[in-house]
Amino acid sequence: MGYAAKVIALDDVRASQQRQALRQQLHERFDQWLDALELQLPEAELTLNQVSETIGGWRQPLTASVAQTIVAHRHPEEQRRTPLHCATCERLLKARPTVLRTVETLVGAIELERPYFSCRHCQCGRYPLDEVVGLSTGRRQLDVQQAAVDLATELPYETASTLVGRLRGITVSSERMHTLTHQVAAGLGGLEVAPCREEIDRRVAQRAAGRLCRPVLVLGIEGAYVPSRPESARGRRPGQARQRARRARWRHEWREAKGFRFYRLDGDRIVHVLSWHQVQNEHDLGEALQQVKDAGVIPEEAVRLCVVCDGAEWIWKHVQALFPNACQVLDYYHCAESLHKVAKAPYGHTLQAPEWVEATLPRLYMGQVGTVRGGLRRMQPTAEEALKAIDNCWVYLNDHRGRTDYDKFRRGGYPLGSGGVESSNTFICHVRLKRSGAWWYEESSTQMLALRCAKDNGTFDQVFTLYQHQKADS
Ligand SMILES: [Zn+2]
């Protein structure tokens with residue numbers, strides 16, 4: 001046997017011995033846990049439910065002790081380490097007595113005993129074990145924080161706090177949930193919650209393989225109303241229950257969350273690609289869209305981009321500037337609505353208008369907007385209000401005449417309505433923000449929206465990785 005082979009064999013033996021030692025320790029922990037469990041189980045007439053409940057309620061001490069044993073076993077050198085060079089001045093530092101730290105994870109509370117090193121010259125201290133195992137500052141570790149924020153982005157903080165206790169056996173107060181959500185979401189922009197280009201390519205390519213023409217990628221832009229409270233409503237510290245119970249001195253308001261969503265239509269199914277909703281103005285939305293474009297995450301050359309929305313001028317301005325080659329579709333249902341307004345305007349004794357609209361909608365659907373406009377011109381209303389409605393409708397159709405060729409759009413596989421972005425308004429904004437009694441500060445609502453977009457985009461883990469890195473750097 002050569003020298004190298006002998007060394008490898010020795011390494012194998014050592015690794016096997018270490019594995020055995022760990023197993024031994026884990027078995028001992030399990031035995032201790034079983035002893036404790038036996039005392040917990042009721043003596044007579046044990047039902048399955050009682051077994052499940054007892055083990056369920058008692059599972060954290062077991063999983064925590066397993067985790068603690070494994071961590072201790074894997075990092076013996078960090079626990080016994082001495083000495084250590086100062087990271088700044090490179091002086092050799094002696095280990096101070098070990099300090100016990102308890103941290104909370106999803107598998108339970110874990111105790112870590114680790115040496116402390118401090119440099120008098122640089123006035124800094126370090127726990128090398130904390131760095132190696134990637135501990136978060138504070139008692140609750142990242143997995144607990146993520147579970148808490150995961151629930152808080154779906155449900156009111158109070159409910160989320162109760163449920164995380166009931167389902168995961170951990171305590172996170174609703175105030176803490178609120179703070180955590182705020183910390184994780186701070187500074188998130190459209191790009192941070194966007195999937196990477198490879199992932200978007202994958203979504204766009206789904207079922208597109210083998211088809212002759214490039215798939216249609218739809219961009220929908222729309223607003224949703226968010227129940228808001230003004231900044232002036234701040235002032236009382238949370239927890240001052242007596243003060244808060246008083247009648248509010250501020251007036252609630254509804255603010256518009258503007259958002260965009262990229263998605264693919266696959267038959268009746270929507271393949272979600274990317275969404276970004278915020279309480280923001282037109283300019284901010286344009287900037288967010290610009291960022292997404294500049295980052296190159298949208299595979300413009302591989303798709304036929306189509307923008308569908310209502311008639312708002314600012315939307316088309318952004319679209320024209322950023323995606324000049326995109327097919328522009330005026331939402332058919334908004335367009336039909338403008339005709340209905342004509343039908344509803346008071347005409348006095350004649351029934352001509354409603355009948356005309358009924359007969360005209362199929363023409364609109366076929367994209368014969370010239371004929372529709374001509375029809376509007378030929379109408380002879382007597383009332384001022386009707387005249388105005390007809391005029392508005394004509395101007396609306398004329399302004400958007402390049403965006404109403406619905407027959408051509410249909411044949412090209414483009415959507416006629418902006419249902420895709422309307423539904424994302426519902427499940428990103430309304431589902432969480434519109435709750436009875438909930439009025440949001442702007443910062444809280446934009447942060448909640450950012451996290452919900454991350455979930456929708458499939459980037460919630462990515463957001464947490466980012467958060468972890470930011471914490472480590474700070
Ligand atoms: Zn130093």
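Analyst: The model is a predicted one. Gln 123 is not a glycine, yet its phi is positive, at about 55 degrees. Most residues other than glycine have a negative phi. With a relative accessibility of 72%, Gln 123 counts as exposed, because the cut-off for that class is over 50%.

A second residue with a positive phi is Glu 90, also not a glycine, where the angle is near 65 degrees. Glu 90 belongs to the loop between S1 and S2. Its relative accessibility is 58%, so Glu 90 is exposed.

The protein donors of the zinc ion are the SG atoms of Cys 86, Cys 89, Cys 119 and Cys 122, lying 2.3 Å from the ion. Along the chain these donors follow the spacing C-x2-C-x29-C-x2-C. Cys 86 is in the loop between strand S1 (84-85) and strand S2 (92-93), and Cys 122 is in the loop between strand S4 (108-119) and strand S5 (124-126), so this pair ties together parts that are 36 residues apart in sequence. The angles subtended by the four donor atoms around the zinc ion run from 107 to 113 degrees, and the arrangement is therefore tetrahedral.

Cys 86, at 4% relative accessibility, counts as buried, whereas Cys 122, with a relative accessible area of 27%, is partly exposed.

Elsewhere in the chain, the largest nonpolar core has 65 residues, and those with the most contacts inside it are Ile 221, Phe 260 and Phe 262. Leaving aside residues up to four places away in sequence, Phe 262 touches residues including Leu 217, Leu 219, His 272, Leu 274, Ile 298 and Phe 323. Apart from this core lies another, of 30 residues, among them Tyr 263, Cys 306, Val 329 and Trp 356.

Helix H18 (residues 419-433) has 15 residues and spans 20 Å from first to last C-alpha, close to the expected 21 Å. H18 bends by about 30 degrees at Thr 426. Its buried residues include Val 421, Asn 425, Ile 428 and Arg 432. Among the elements covering the buried residues of H18 are strand S6 (216-228), strand S7 (253-266), strand S8 (269-279) and helix H19 (442-457).

Notes: Residues numbered from 1 in each chain as written. Predicted model: local features only at pLDDT ≥ 70, side-chain atom pairs only at ≥ 80, totals over all residues. Heavy atoms only, no water. Helix = DSSP H or I, 4+ residues; strand = E, 2+ residues; numbered from the N terminus. Expected span 1.5 Å × (residues − 1). Bend = angle between axes of the 7 residues up to and from the residue. Buried < 20%, exposed > 50% of the residue type's maximum accessible area, 1.4 Å probe, protein only. Contact = heavy atoms within 4.5 Å. Donors = N, O, S within 2.8 Å, 3.2 Å for Na, K, Ca; no water. Tetrahedral: all angles 85-135°; square planar, octahedral: opposite > 155°, others 65-115°. Core = buried A, V, L, I, M, F, W, Y, C linked by side-chain atoms within 4.5 Å.
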